[in-house]
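Reader: Before we look, could you show me how to read the packing of helices, the faces of a strand and the contact between chains, taking each in turn?

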Amino acid sequence: MPVMTIREAVSQALWEEMERDPNVIILGEEVGMWGGTYAVTKGFYDHFGAERVRDTPIAEGVIVGAAVGAAMNGLKPVAEIMTINFAFLAMDQIVNHAAKIHSMFGGQFEVPVVIRTTSGGGKQLGATHSQTPDVIFAHFPGLKVVAPATPADAKGLLKSAIRGRDPVLFIEHSTMYQERGEVPADKDFLLPIGKSDVKRPGNDVTIVTYSKMVQITMRAVKQLEAEGIDCEVIDLRSLRPLDLGPVYASFKKTNRAVIVEEGWRSYGVGAEVAARIYEECFDYLDAPIQRVAQKEVPLPYSADLEKSAIPGPADVIAAVKAVV
Amino acid sequence: MPELVPMPKLGFDMAEGTLVRKVKQDGEAVKKGEVLAEIETDKATVEVEAPASGVVKGWVVDEGQAVPVGALMAIIGAPDEQVDVAALKASAGHAQDGTMAKAAAEEVPQGAAGAAASQAAPQSGAGPAQVEIRPQKQNGKPPAGAGPEIAPAAGGGAPASPIARKMASEAGVDIQQIPGTGPGGRITKKDVEQYLSRPQPAAPVATPAVPTVSSQDQEVPLTRLRQLIARRMTESKQTVPQFYVNTEVDMAAAMELRRQLNSFVPEERKLSVNDLIIKAAALALRDFPNLNASFGGDKVVHKGRVNIGNAVAIEGGLLTVVVKDADQKSLGQIAAEMKAMVGRVRAGKVQGGDIEGSTFSVSNLGMYDVDHFIAIINPPEAAILATGAVKQVPVIKDGAVVPGQRMLATVSADHRVTDGAEAARFLQAVKQYLEEPMRLLL
C-alpha cells in the first residue's frame, strides 16, 4: 500500500473525484493559481482550468454562499475556508443555509457541499487564528462534521463527503499535513461518515478522541503500556454523526474512560461523550470519567505558554492514571 | 499529584482513630493495596491499605496519636515528586472539621511554602525527597472523647462505583462489607473482585484465659473498646428511660424445624438458634416501627431498614455485628453472614460494614446456660432483645405434665419512643414467629 502524507491523501481524493465527476468544482482563497494555502490543490488550476478551480475574493460569506447556491443547482462544490477561525464570517451560510435548506424546503433541494477547512493551534498564530471550535459546528443538526486523524481516513472520508448528498464540514488539522501513513490506491476507496474507529484495542481504559489528539494519545498510550496500563483508543472521526456504539462496547469492558480533545473543556466533545456514557453505561462506571482539553484561555502567542495550554501526552497520562 | 491518606471512617459513630503502627516508613516504596498502617478505632485494630502505589513521602501523624476521621495521616507520591509535607502538616493541623486540605497539596510547587520545601530537600537531588516530620499537637483538643458521641447513622455508607455495586449485587454480597481502596475509600471493581476471590477466614479456637494469682491490686488501663463500652452504656443508662418486658417462648417447634433444616445442609451452613431469633425479631420489627427507631429530641425516627445488631463477645469486650435487611434475607443467608462476620470479628479482621448501621440489637447468652437476663439498649437504637438458653422443662399440657422446651426473652425499650403495651405486643409477635416457625421460611 502506498505511503503518503495527509496533504497528499487529501489532494489525491480531490483530484480523483474531479476526474470522476465533472460537476465537482473547487472554490476558495488562493486555491487556484497559488495552489492552496497548504498546497493541497497545487497543479489543479493548470489541469482542470479556471472554470472548475476558482480563486475567490477574501470574503468567506461569498465563498460558502456561492457554493451552497451551486450545490442547490446541481454542482458538487468543494469550498475551502483557509482556517476554521474565518468560518465564523460564513456562519450564517454554513449553519442557516447549508445545514437547513434541505429540511426547510421539504426536501426539494439538496445541498451536497463540502466545506474544507483547517483547525487547531500550535503554530504561534495567536488567539484568533489558532482555535479548535469544531464542536460549535457539530452543534447544528443538518451539517456533518468530519475530522480525520490519518492519511487513509482523510482520503476515504473526503471522497465519501464529496459523493454524498449532505453538506459536510471537513476539518483538517493545520499541523498534520506532513503526517504519513498507508493509503489504499483504490480510486473508489470510501469510508462511511459516522463510524468511529478503534485505533488501538486495550482492556484497562477507554480513551475517546479525534483529529490530532489521536496522535498525542497514541504517544501517551505507548508510555502507559510500558507501565502496564493497557488503553483502548477510539477515534470518533466525525463529531456529527457521533458514533458511540464502539465507545459503549469498550466502556462496558474497561469501566473507565478518558476523553481527549484539543478544544476547550466547557461544552466540549468530552462533555458530550461523557454525558452519553453516563446515560448509557451508568451501571458499568468504576471511576468518574476524565476530560483532557485545552486550558480555558484565549490561546497565547508565546511558544511556551501555547504549548502548556494545548493538551500533550503528559496530560493524557495523568488523566488515565486518575481513573485506573 | 501526591495521594493523601486520611484516617478512614470505619463505623457510623467513629469520630477518631489512633495510628498504632506505621507499617511503611518514610521514603519506603509501597504498592497500592499493601498494608500501610495499623489503626485502632474504638472497636478494633484495623489494617489500612495504601490507596496508591508510590513512595511514602511522609507521615503527618505519629504512632500513638489519635486524630479525627478524615484527618490527613500520610502522603504517598511518585519517587521523584517533591512534596512539602511540612505545609501539608500545617494545613492538616488547621483542618478542624477533619477534612483534608487538598488545595494546599495542589499549590505546593508555588509560593513561600514551595520555596521552604525546596530548601528542605536534599541538595544532591537524587533519591526520594527527605522531609522533616515534627510531632503534631492536637490544637488543644483532647485526643480521646472528642467529636460527637452519637451521630445519626450514615445513610449511604462508603461510596462505591456503579460497576462495583452491580457486581456485588449479582454476587449477593452487601457492598458495604467490602473495604474500598479507591480515592476517598471508594469501593471499586477491583475491590469487589478481590473480595469475591478471597478465602473466608476460619474462626480460631478460643483460648481459655488463665487468671493470674496475685495479692496486689492491679490497674488495667482501659482499651479503647472498653472506654467506648463504658461511655456508651453509661450514657444509655443515664439518658434513656428504659423499661423491660419479658415472656416465655415455646421453642419446641423452632428446635424441631432447625433440626430438620440442618439435616439437609453441611456443617458450615447449619442454622443456630440465634439465626432464628434474628429472623423472628426482624419480621416482627416490620410491624412495630417504634421498636426499630431512634429518639431524635423533637421527633422519632423510624428506620427504613431493619438491620439487626448481634452482640459478639470478644477478648476485652464485645462487638455488635450487623445483619443488614434481616427482614428480607433467608435464614440461610442470615446464618452465612453471621458465620462470616463472627469469624472476622474473632480473627481481628473486622470490616467497617460488619459493625455499623444496626437499628435494633439482639443479645443471646443461651450458650452460657443463662436462663434470663436484661440487656442495656445500644444507643441510638430504641430497643434490644435479650434471650437465654432453650431449656428442657416440665410443662402442663391438657392437664398432664409433659416435657417441653422453653426460652425466656426480655425486651428493653426506650420509653421516650414506645410504651409497655406496644413493647409487649412486639414481644408477642416475636414469640409467635418462633412458636410457628414455618412463618420464618415465608
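Reader: In which sense does helix 9 of chain A pass helix 10 of chain A, right-handed or left-handed?

Author: Bear in mind that this is a predicted model; in it, helix 9 of chain A passes helix 10 of chain A in a right-handed crossing. The two helices, residues 245–254 and residues 269–281 of chain A, pack at an angle of about 65°, and their axes are 11 Å apart.

Reader: Which residues make that contact?

Author: Helix 9 of chain A contributes V247(A), Y248(A), F251(A) and K252(A), while helix 10 of chain A contributes V273(A), I277(A), E280(A) and C281(A).

Reader: What does strand 5 of chain B pair with?

Author: Its partner is strand 4 of chain B, residues 35–40, in the antiparallel sense over five bridges, and a hairpin of four residues joins the two strands. Within this pairing, E38(B) stands opposite E47(B) of strand 5 of chain B.

Reader: And how many residues are in contact between chain A and chain B?

Author: The size of an interface is often given as the accessible area lost when the parts come together. Counted by residues instead, seven of chain A are in contact with seven of chain B, and those on the chain A side divide into four nonpolar, one polar and two charged.

Key: Residues numbered from 1 in each chain as written. Chains lettered and ligands numbered in written order. Predicted model: local features only at pLDDT ≥ 70, side-chain atom pairs only at ≥ 80, totals over all residues. Contact = placed C-beta atoms within 7 Å. Nonpolar A, V, L, I, M, F, W, Y, C, P; charged D, E, K, R; others polar. Pairing = 2+ DSSP bridges. Axes fitted to C-alpha atoms, helices over the stretch in contact; angles between N-to-C directions. Left-handed = near helix turned anticlockwise from the far one by under 90°.
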